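Please open the structure in a viewer and keep the selection tool at hand.

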Amino acid sequence: MKTNNSIYGLIAEFETHGQLLEAANSAREEGYCRMDGFTPFPVEGLPQALGRGRTKIPLIVLLGGICGGLGGYFMEWYANVVSYPINIGGRPLNSWPMFIPITFELTVLGAALSAFFSALLLNKLPQPYHPVFNAPHFERASIDRFFLCIESIDPKFEPVATRAFLEKFEAINISEVTK
Amino acid sequence: MIGDPPPGKSDQHGNPGELIAPGQTYAGITGRITSIPLAKQPPRAWYFGFAIGFALLMMLFLAVTWLLVKGVGIWGINMPVAWGFAIVNFVWWIGIGHAGTFISAILLLLFQQWRTGINRFTEAMTLFAVACAGIFPLLHLGRPWVFWWILPYPDTMGLWPQFRSPLVWDVFAVSTYFTVSLLFWYLGLLPDLASVRDMAETPLKRKIYGFFALGWRGSAAHWQRHQSAYLLLAGLAAPLVLSVHSVVSFDFSVAIVPGWHSTIFPPYFVAGAIFSGFAMVLNIIIPIRKLYRLEGFITTRYLNNMANIMLVTGEMVAYGYLIEAFMAWYSGDKFEEYMMHNRAFGPYGWVFWGLMVLNVAVPQLLWSRRVRTNTVLLFLVAFAINIGMWVERFVIVITSLQRDFMPSAWGMYTPTAWDWATLAGTVGLFLTLLFLFIRFVPMISISETRELVAEPKKIPA
Amino acid sequence: MAQIFNQSANTISRVGILCALLALSGTGWIAAEVFWSPYTTMVGVPREQPVPFSHKHHVDGLGIDCRYCHVSAETSRFAGVPPTDTCMTCHSQLWKQAAMLEPVRQSLATGKAIRWNRVNDLPDFVYFDHSIHVNKGIGCVSCHGQVDQMPLTWKQNTLYMKWCLDCHRAPEKEIRPRDEVFDMKWRKPADQEKAGRELLTAYHVQTSRLTNCSVCHR
Amino acid sequence: MPMNRHDHHPISETEDSGRIDISRIRRRLEEMHGLNYWRSLDEIAGTPEFQDFLHREFPSAASELKDEVSRRHFLKIMGASLALTGMAACTRQPVEKIVPYVKQPPELVPGKPLHYATTALLDGFATGILVTTHEGRPTKIEGNPDHPINLGATTAFGQAMVLDLYDPDRAQTVLNAGKPASWEAFLSVMNLEMRAQREKKGAGLRILSGCVTSPVFHSQMRALLAAFPLAKWCQREPVGLDTVRLGAQIAFGRAVETLYNFEKADVILALDADFLSTHPASLRYARQFSTRRRPDTADGMNRLYVAEPSSSITGAMADHRLSLAAGGIEALASALAHRLGLPGDDGGAGEHGGWIAAVAADLKRAAGRSAVIAGKGQPASVHALVHWINGALGNAGKTVVYTNAFDSELVNGMESLKKLVADIESGSADMLVMLGGNPVYDAPVDIDFSKALEKLKMCVRLGVDENETSRFCHWHIPAAHELESWGDARAFDGTVSITQPLIEPLYGGKTPLELIDALLRQPTRNSYTIVRDYWSAQNLPDFEKTWRKALSDGFIAGTAFETIAVTSAEPARTSNIRPGGGLELVFRPDPSVWDGRFVNNAWLQELPRPFTKLTWDNAALISPALAQREQLQNGDVVELEFRGRTLRIPVWILPGQAENSVTLHLGYGRQKTGRVGTGTGFNAYALRTSDALWFGSGLQIRKTGETYPFSTTQRHFNVEGRDIIREGTWQEFQSDPHFMSARTEPEPGRDDTLYSPDEFKYTGYKWGMSIDLNTCIGCNTCAIACQAENNIPTVGKDQVARGREMHWIRVDAYYRGGLDDPEISHQPVPCMHCENAPCEVVCPVGATVHDDEGLNMQVYNRCIGTRYCSNNCPYKVRRFNFLEFNAGMTSVQKMVKNPDVTVRSRGVMEKCTYCTQRINAARITAEKEDRKIRDGELVTACQAACPAEAIVFGDLNDPASRVSKLRAQPLSYGMLGELNTRPRTSYLGKLRNPNPEMKS
């Protein structure tokens, strides 16, 4: 009998995302909180089923956009008004209408960069190695199978009981994930 | 280990109604699509296409080398026509680069499912087209070796760019557009790279694709953030794609040159961009789809819808031409009036009428469903439009500059062999990149296609 | 399924990304360093000359005025580099045999000029005029530094456009009374900026146009 | 104007000046036997002496002068010099050398240009010039403002002579039978030859020169002819004044010169006379004429009638122009004489009776205040008629004055040339000394000069270049360029002008004075001594003082001819003069290459010809009617057959050309000349016979079907009804001075802007320029003066054809009215320096920006070459270096560059800067003296050169400045003002003064 600390968790493999959703929901109701689902495409409702909250990404993107925009206009204003003011065809030094396009572009750029990188960082990618990859057939998580993994660090995790709980659903197979 | 993919569907199966041929399975889709990058040998036709592209690319290197040795004088430009092919090609390529983001971003926001089969492909096309476009603003400089003076950085001269110049706007718009498109494309690609990784037989391929997949596990958390970021990027890309060609059009509309100084330019440029973008998508996708037997994934419905978009944007462009002529007359400005007259009946009149045929007359064929669903005809129409859109930029740039305010300074413009070589060269660059993409990257979004199978009625995101 | 990468890959990848970022910003920083380093600017690097002429000896030691050799400093764009016979005014009497002066004697004998190495070199599209600076109270030291302390002459300032602009934007920081211009020993008063502004008005310096491109570029 | 032009020439004082030792280079050259001459020049470019010379006190063009010289055609391109300095931001500067003098010339302050007064010659007549030298390099020619003949103006030729000085194709070594030899060797040979001649009293000796007005030379010739009584001197110019002299001879029975004063003339009739541009006194005439064309002229605008076969500068200024075959002029003159009560034949009037009547009436009305002038292209009889007419009108002594002739006895170049050839043929002449000239090329075809030359025992030629004639000479001596020579000459009014050298002869050239001296006595004197000795012997009051003054002034005051009263002979009874029928062939000197002597001068070659705007070529100018008749297009090659000889030449259709006249410009189609001139144009001399030197009838024209590519700088001559050039009549102006602005759409108001109109106030100087279209005669001198001042490169025929010419100021021509007799207007177009400059807003790097004085600056070293500014320039005055137009220049050629102006590299934009380098120089001088720049103290290059003073530059903030006053005039307008560009360059609308009694 293995002890919890040698295994990462128990993983169940399903045929359809429906079965996965069902299992996830009842697992949550059972009181499991440290679990994750693995699917070949985004399954609607799965995050909620697994008890996950909303992501912070939109907020980060908003901030990124604001910084980009303000930074952009400041750059133009500083360069053409403060650092080296020059008479350009009689136009005012701070010709704000002509500073708008770049301000806009940099707003978008700032937002886009923060969207992309926040997505990666929050997902802790790149992460080439992960215990779940040890699970049998896990390659099919990116092809046609749906996995539910209850992690050993879950307070409610108990190798035998948890396995028994999972067997209640029509999983193709259930296996331990070693660390 | 996975069951064989279903045999490629042909047109009579996928009738225009369907987005994906019936009877597809997750594994089937995955196997079918990943089999292309994972194949040991690409089809012969691939080598053929790549060879053409590469040969032209070498010609580009030659042309550019000579250009750097001698200067822009090797081109046909002169006074008064100081801008020639370089700018024409730049605008043309940028325009082509618009379809990708339009399809992936705007169709995504409009919950159009018919993007699924083609978005990955068109996004890649966008990147390559913008890359080609990006070359020209640099090459057309008299002193390309100091191009970075356009960028704001603390130099030893205490000088900055002149931010009132549309050319500086261009730099920011185009580079932003390229960056955002790249991020958008890669983010969408991530789960599929994981699929390829997991489908790969040899450890090396597994490692390579694994490296780029960044360890994607398809966990619920991954998907949740991925979806959120992807949708936000789409939301950002949508206004961006509209802004980019607007900014490009400012290069002209901000100037006082008759024929350029016109408020209709931004919308009419954007329409033209999407117009040519879709035309290019069709010109590429129709042969590729046949070559790789992807009719099952890129069904006739896609072609039909794209044709419809071309029809709409085509009419918008035609309207643009009409308004230009109308305003020239209505404004009562003698310079505008002469410009319009010169455009139609001046020394380059034949180009103008050619444009009318290619961009206004030919696209009307798309009213017919038969044309829209017949790959050969559709291909020809799209090709005509691609040429037409290039000609449009030629007309705008050349005929406006050729005869502006001072009759004493009027002149003509004749492109040289080097002008043509550079144009053809960038086509080579485009093809080369495209064929490499087809060879090594899944050209259809696997995960999104799975969603289509999972619940065809489901609305993405 | 077997792991494709082993555990260490995670750390490696993250460290790798970090390094890439550092390298990127690093190159920019290094470039800047190079541009401002003596390697490029030649600031403070004594320049070898066909004759090891010492300003220290002639100016500090013998107290010869700048204008004795650089005759046209007050009247022309060029301060003027002395013709050989200027050297010989003294050296036909002093150090007649000194080996180090051989090139000078040669020059006079053969009529072939001495080819000095330029120390303060502006690009050819920059039109610097000594006379106007001198006449408006900009001391030699402001640009050339304490030449009287240079055994072999070196460049005191980068002469980058940025550096020129610093002074053209705030000449009050450098301007001095006209009659102090050639004085190597002159030191700025405590109230330099105030005194400077007074001098600017006294000498009718149109500060507003000093940063116009046409002032230096034609 | 030049500050210290009164420091006179060093050589005059110290024979040992501290100048660089060109003689070394010369010696090197002489060592380079066998090498071909182009190369030999390139070789010396490498010598340390030359590098020293070029780097001497680091002139700013120095770095441009480093790169090796390429073997290519010198207009062709490679490499980029400023391109590298452009990268200064990211490259380490190479160590430059400082090369001080060994002995510094006392008058020379490094970095300060010096100005010397000297003399430029054309066909022997002097004009006074001031030459700017930088560290011993002559770089720029200005007119001498004190000189009575040109009053500060110059011709295009005068501006371009400095380029000839540095022409790498100049004759560089003494040649004996084509082999390099030495001056000493030549002297010893001459010694023997002259001894032989002395025995036969010089019976075999002939001297052939161009027209000579130099007192020193004349005295030398007198001495020579005294020593060799049987020797003969032949003076002859291919486009000389023979007809003028003969005409005077007929009219007055003696040789006199005729001088006009157009300032006093209210009505002027020019009979095929281009007195504004091709007359020896044209600079003065243009000035006088223009003073009476200004809208604010005190005593009313004059009226000009012109009858001529093909448009000339003068014809374009006419209030009434009659395009008439050259052969028809005499009939017209005779008819006019008749109407003025002189014995004349009225029958010649033909269909022009009305025109003549009106002109006659107008002339009568202005009797004593009118002037009639005939051109040198008209036969002596016409000149005689004109003299009588002026007499009858009482103009003599008022608007027309007569002076003693340059030569006491009549000079008839054509006759003496014929005589010379006859003597050689008959063997009576066996030795010929040619001073310049190129008779083998430009003698009438019916005189086989080359065959004659082959007969000679001894043939010597002194020439600055090797040409068709050199080949037949036993000895060829490189001549010193005028800027290398001591000498003197008379201006057309007789004023003696001194020629002094600005630089030692680059190739050891000799002056005619030295050569003749060598024939007279050996050892020879140098020309400085010759000139000085002569004048010191002329018992001038206080010689030393006068001499020094003459050197600093450039001329000897008070040496102009006195006017004399002439008694006219009884007018000959001319009867039934009828112009010959059929097509007529007309010969004219080329506006750019003259009689062929300037064919190797790139500045002149690329200068757009008036009206046609042709560059690098001549053409057969034909009338639209003839073109229609023969179905000819511009560039169609035709075969002209004239008196049994044929010439294939492309045609150019010139509106205003007389229907049946075909005009050929002389001077092109040279066989032997330098790299620039070779292969340009077509040789009109091939049809020029001694009996039809200027025109003749009986021309046949045949279309060949071939076509020829021309390079023109202007392709469209219709103003398209745009507010570019404003025209009206003197009468309208009298009734309402504001009539012009009344009928054009006004500029947008100052406040019609989203931005504050006071964003930038120009409180200091506010530079502006005003160009008077009334006085501009379209002579192109401004364009070439600008080219010389601002280091503007020439680009070659091919590049001009591609629309890449570089002139900063161009003279546009616009035609109005009918094809056959259009009104022609010239408009010089420099940068407008718009206050709301469209070019500046679009530059991404701020390479073109405004300064506090309103200058629209172009910062070459910041420019990255997007060319956006040019697109956005409504006036299209910007020029772009599409290729490296300065590459491949020899070190000598580079010496012409103005060190105060950056030499632009490939890939940068450039344009008129209002001569910012001059503004800076003037400002620095003024500020050093704690004062403002005075009005007129600062002139732009174009302004300085303009003969008509049509261009005025100055401070718009100074209400007293001339430019402010001109701007205040009602005719003043800004071109394309409706675009709200607020140009600083403004124009004065063009007024014509038509005769109300005439319909056309």
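Begin by selecting the open sheet of chain A, in which four strands follow the order β2-β3-β1-β4 with antiparallel pairing. Helices (H or I, at least four residues) and strands (E, at least two) are DSSP runs, numbered from the N terminus, and two strands pair if DSSP finds at least two bridges between them. The edges are held by β2 (35–38) and β4 (173–178) of chain A; each has a single partner strand, so one side of each is left without a neighbour in the sheet. From one strand to the next, the twist averages 20°.

A word on conventions is needed here. This is a predicted model, in which local features need pLDDT of at least 70 and side-chain atom pairs count only at pLDDT 80 or more, while totals for chains, interfaces and linings use all residues. Residues are numbered from 1 along each chain as its sequence is written, chains are lettered from A and ligands numbered from 1 in the order in which they are written, and side-chain values use heavy atoms, with hydrogens and water left out.

Remain in chain A and highlight β2(A) together with strand β3 (residues 146–151), which pair in the antiparallel sense over four bridges. Which residue of β3(A) is the bridge partner of Phe38(A)? The partner is Phe147(A). Contact means heavy atoms within 4.5 Å.

Now colour chain A by domain: domain 1 covers 7–52 + 125–178, and domain 2 covers 57–122. These bounds come from an automatic or database domain assignment. The C-alpha centres of the two domains of chain A lie 44 Å apart.

Zoom in on Pro126(A), in the loop between α4 (96–122) and β3 of chain A. The peptide bond from Leu125(A) to Pro126(A) is cis, with omega near 0°. In chain B, the bond from Met79(B) to Pro80(B) is also cis, with omega near 5°; Pro80(B) is in the loop between α2 (44–70) and α3 (85–96) of that chain. Most residues other than glycine have a negative phi, and most peptide bonds are trans.

The next stops concern salt bridges (a side-chain nitrogen of Lys or Arg within 4 Å of a carboxyl oxygen of Asp or Glu). Over all chains, the count comes to 90. Select Asp404(B) and Lys876(D), whose side chains form a salt bridge at 2.7 Å, N to O. Asp404(B) lies in the loop between α14 (375–402) and α15 (417–440) of chain B, and Lys876(D) in the loop between α28 (868–871) and β36 (879–880) of chain D, so the pair joins two chains. Are these two residues buried or exposed? Both Asp404(B) and Lys876(D) are buried, where buried means under 20% relative accessible area, exposed over 50%, and partly exposed in between (1.4 Å probe, protein chains only).

Within chain D, Arg670(D) and Glu468(D) form a salt bridge at 3.0 Å, N to O. This pair links distant parts of the chain, 202 residues apart, and both residues are buried.

Stay in chain D and select Arg810(D), which lies in strand β32 (residues 810–816). Arg810(D) counts as buried, at 13% relative accessibility. The side chain of Arg810(D) reaches the backbone oxygen of Tyr875(D) at 3.0 Å. Residues up to four places away in sequence aside, Arg810(D) touches several residues, among them Met406(B), Ser408(B), Ala409(B) and Lys876(D).

Finish with two backbone features of chain D. Leu151(D), in the loop between β4 (137–143) and α6 (156–165), has a phi near 45°, a positive value in a residue other than glycine. Leu151(D) is partly exposed, with a relative accessible area of 29%. Lys613(D) likewise has a positive phi, of about 60°, and is placed in the loop between α21 (602–606) and β23 (614–615). At 3% relative accessibility, Lys613(D) counts as buried.

Technical notes
Axes fitted to C-alpha atoms, helices over the stretch in contact; angles between N-to-C directions. Polar contact = N/O pair within 3.5 Å; in protein donor to acceptor, adjacent residues only side chain to side chain.
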